[in-house]
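Q: Please take a close look at a single part of this model for me. Start from one spot, then show me how the rest of the chain is arranged.

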Amino acid sequence: MTSFRYVISVKDGLHARNAMELSRAAGTYKCDITLRTENGQKANCKNVMSLLGLKAVQGMTVVLEASGEDEEAAVGYLKGFIRMVL
């Protein structure tokens with residue numbers, strides 16, 4: 001498993017537009033990718049509704065976790081992506 005920890009810095013947190021963009025980006029990888037919040041909730045990064053269910057807000061710590069054949073590539077790319085949109 002490969003992971004990346006990040007504190008959400010944008011005022012609106014994880015909202016519909018950036019959740020959809022994250023879901024699309026995650027969907028290009030074969031591995032399982034989840035986003036976990038500091039309170040233990042988990043979301044499938046390939047599912048927009050799952051991501052929105054986290055209700056991740058500014059200042060919240062999230063952990064991106066990937067497991068599978070292309071996990072390192074996925075986390076490498078999504079790390080930069082998350083830093084740009086969250």
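**A loop residue and its surroundings**

A: Lys55 sits in the loop that runs between α2 (48-52) and β4 (61-67). Helices here are DSSP runs of H or I with at least four residues, strands are runs of E with at least two, and both are numbered from the N terminus. This is a predicted model, where local features need pLDDT of at least 70 and side-chain atom pairs count only at pLDDT 80 or more, while totals for chains, interfaces and linings use all residues. Residues are numbered from 1 along each chain as its sequence is written, and side-chain values use heavy atoms, leaving out hydrogens and water.

What is the phi of Lys55? Lys55 has a positive phi of about 50°, although it is not a glycine. Lys55 is also exposed, with a relative accessible area of 65%. (Buried means under 20% relative accessible area, exposed means over 50%, and partly exposed lies in between, with a 1.4 Å probe and protein chains only.)

Now let's step back to the chain around this loop. The protein chain has 3 helices and 4 strands, and along the sequence they follow the pattern β-α-β-β-α-β-α. The radius of gyration of the protein chain is 11 Å, close to the 12 Å that the globule rule gives for 86 residues, so the chain is as compact as a globular protein of that length. (That radius is taken over C-alpha atoms, and the rule is 2.2 Å times the number of residues to the power 0.38.) Along its principal axes, the C-alpha trace spans about 35 × 20 × 20 Å.

Of the 86 residues in the chain, 44% are buried. The chain exposes about 4,800 Å², and carbon and sulfur atoms supply 49% of that area. (Accessible areas come from the Shrake-Rupley method with a 1.4 Å probe; for residues, only the protein chains shown count as cover.) Among contacts with a separation of 6 or more, 70% are between residues 24 or more positions apart; a contact means heavy atoms within 4.5 Å.

Thr2 counts as buried, at 19% relative accessibility. Its side chain and that of Glu71 are joined by a polar contact of 2.7 Å. (A polar contact is a pair of N or O atoms within 3.5 Å; within protein, one must be able to donate a hydrogen and the other to accept it, and residues adjacent in sequence count only if both atoms are side-chain atoms.) Beyond its neighbours within four places in sequence, Thr2 is in contact with Leu64, Glu65, Ala66, Glu71, Glu72 and Val75.

Next comes Thr34, which belongs to strand β2 (residues 32-37). Thr34 is partly exposed, with a relative accessible area of 23%. Its contacts, again leaving aside neighbours within four places in sequence, are Ala43, Cys45, Val63, Leu64 and Glu65. Thr34 and Ala66 are 32 residues apart in sequence, yet their C-alpha atoms are 6.5 Å apart in space.

How many disulfides does a search of the whole structure find? It finds 0, where a disulfide is a pair of cysteine sulfur atoms within 2.5 Å. The closest cysteine sulfur to that of Cys31 is in Cys45, 9.6 Å away, which is too far for a bond. Cys45 is likewise in no disulfide. Both cysteines are buried: Cys31 has 1% relative accessibility, and Cys45 has 0%.

Two residues in the loop between β1 and α1 come next. Lys11 lies in that loop and is exposed at 73% relative accessibility. His15 lies in that loop too, but it counts as partly exposed at 27%. The C-alpha atoms of Lys11 and Val75, 64 residues apart along the chain, are separated by 24 Å. For His15 and Gly68, 53 residues apart along the chain, the C-alpha separation is 27 Å.

Arg24 is in helix α1 (residues 16-26) and is exposed at 58% relative accessibility. Its C-alpha atom is 8.7 Å from that of Asn47, 23 residues away along the chain.

Finally, an unreviewed UniProt entry lists residues 1-86 as "domain: HPr"; positions use the numbering here, feature names are shortened, and annotations may be inferred rather than shown by experiment. That span is 36% helix and 26% strand, and its end C-alpha atoms lie 22 Å apart.
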